[in-house]
Amino acid sequence: AAGRERVLAEWNATGAPPPRTWIHELFAEQAARTPDAVAVVAADGTLTYAELDREANRLAHHLCWLGVGPEARVAVGMERRAGLVAALLAVLRAGGVYLPLDPQYPSGRLAYMLADSGASVLLVQDAADAAVPGFAGEVVSLERDRGAIAAQPATPPDVHLSGDSAAYLIYTSGSTGTPKGVVVTHANAANLLPRAVDAFGAGPGSRVLQGTSPSFDASLLETFVALLSGGELHVPGRETVQTPERLAELLREREIAVWVSTPALLGALPDADFPALRAVSTGGERCPGELAARWSAGRRLVN
């Protein structure tokens with residue numbers, strides 16, 4: 001028994017100093033190392049690391065001008081585009097708390113999350129997307145307010161945060177009752193996400209698929225596995241990632257290296273070779289052994 005306890009203690013010797021650099025700062029460091037590398041590929045365009053860095057900084061200054069600071073909840077109700085990635089970084093840089101809202105959710109659920117979270121600002125792509133019942137806060141439209149945002153500095157705002165400061169807020173599914181908001185701190189995020197980069201073996205040029213709803217925490221995993229490693233975040237349209245045949249075609253054509261999926265979706269994909277796919281992360285439900293064996297052949301499977 002003593003021998004087993006010693007082996008377990010050695011295996012679990014995972015203690016490490018708490019992080020001192022937050023994920024938006026780690027992204028800035030990566031952007032400084034690889035400014036001309038592709039950061040995001042989406043239907044509305046491609047952004048390099050330098051371009052994404054500047055867009056996020058300008059929007060962050062605009063949010064600060066509106067009064068956003070530490071602990072302020074900023075809801076982001078945007079479709080899967082490059083602007084969504086810039087918005088996430090901007091909220092973090094302004095010191096705010098990122099609250100992702102999937103525009104496909106029922107209006108009643110969106111209204112509930114806005115009210116329950118205490119969000120004071122709603123970020124949307126177009127002003128026409130801002131019709132959420134009962135929201136009386138500030139609405140920022142990337143299209144309508146483009147001129148005011150573009151006039152802001154391209155350098156990061158001077159905002160100081162601690163590890164205990166809230167970084168983002170994700171709501172549970174509500175399948176066992178009323179949806180509950182779960183706060184993730186900057187220390188939480190900075191402890192997990194760089195470790196995920198290592199676990200997935202991501203690196204410069206790795207193509208990572210952003211296939212998860214922005215209202216699921218796995219979407220943050222996808223985003224920062226790409227952006228903290230110097231990889232490319234590929235953001236396809238909703239229809240593509242929800243159609244197994246089209247998704248399989250995209251995985252091959254884009255030469256995706258890292259993919260986060262549910263076991264159900266893995267099982268629904270048609271049999272095909274994906275020679276570029278080096279790592280698959282699966283969760284949210286039980287992964288059958290046969291499925292794990294099939295998808296781990298020749299690559300890393302993180303369950």
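A polar contact is a pair of N or O atoms within 3.5 Å, where, within protein, one atom must be able to donate a hydrogen and the other to accept it, and where residues adjacent in sequence count only if both atoms are side-chain atoms. The structure is a predicted model, in which local features need pLDDT of at least 70 and side-chain atom pairs count only at pLDDT 80 or more, while totals for chains, interfaces and linings use all residues. Residues are numbered from 1 along each chain as its sequence is written, and side-chain values use heavy atoms, with hydrogens and water left out.

**Arg73**

Arg73 belongs to strand E3, residues 73-76; helices (H or I, at least four residues) and strands (E, at least two) are DSSP runs, numbered from the N terminus. A polar atom of the Arg73 side chain lies 3.0 Å from the backbone oxygen of Glu71. Contact means heavy atoms within 4.5 Å, and, when residues up to four places away in sequence are not counted, Arg73 touches Val97, Ser117, Gly118, Ala119, Ser120, Val121, Leu169 and Val183.

**Aromatic rings**

The whole structure holds 4 aromatic pairs, where rings of Phe, Tyr and Trp (its six-membered ring) pair if their centres lie within 6.5 Å, and planes under 30 degrees apart count as stacked, over 60 as edge-to-face and the rest as tilted. Two of these pairs are set out here.

| Pair | Centres | Planes | Class |
|---|---|---|---|
| Trp259 and Trp295 | 5.7 Å | 65 degrees | edge-to-face |
| Phe274 and Trp295 | 5.8 Å | 20 degrees | stacked |

Because Trp259 lies in strand E11 (residues 258-261) and Trp295 in helix H12 (residues 289-296), their pair ties together parts that are 36 residues apart in sequence. Phe274 lies in the loop between helix H11 (263-268) and strand E12 (279-282), so its pair with Trp295 in helix H12 ties together parts that are 21 residues apart in sequence. Trp259, Phe274 and Trp295 form one aromatic cluster.

Are Phe274 and Trp295 buried or exposed? Both Phe274 and Trp295 are buried, a term that means under 20% relative accessible area, with exposed over 50% and partly exposed in between (1.4 Å probe, protein chains only). Trp259 is also buried, at 2% relative accessibility, and the value for Trp295 is 4%.

**Two helices**

In H4 (residues 82-93), Val85, Leu88, Leu89 and Leu92 meet Leu220, Thr223, Phe224 and Leu227 in H8. By class, this contact of H4 with H8 has 7 nonpolar, 1 polar and no charged residues; Ala, Val, Leu, Ile, Met, Phe, Trp, Tyr, Cys and Pro count as nonpolar, Asp, Glu, Lys and Arg as charged, and the others, Gly among them, as polar.
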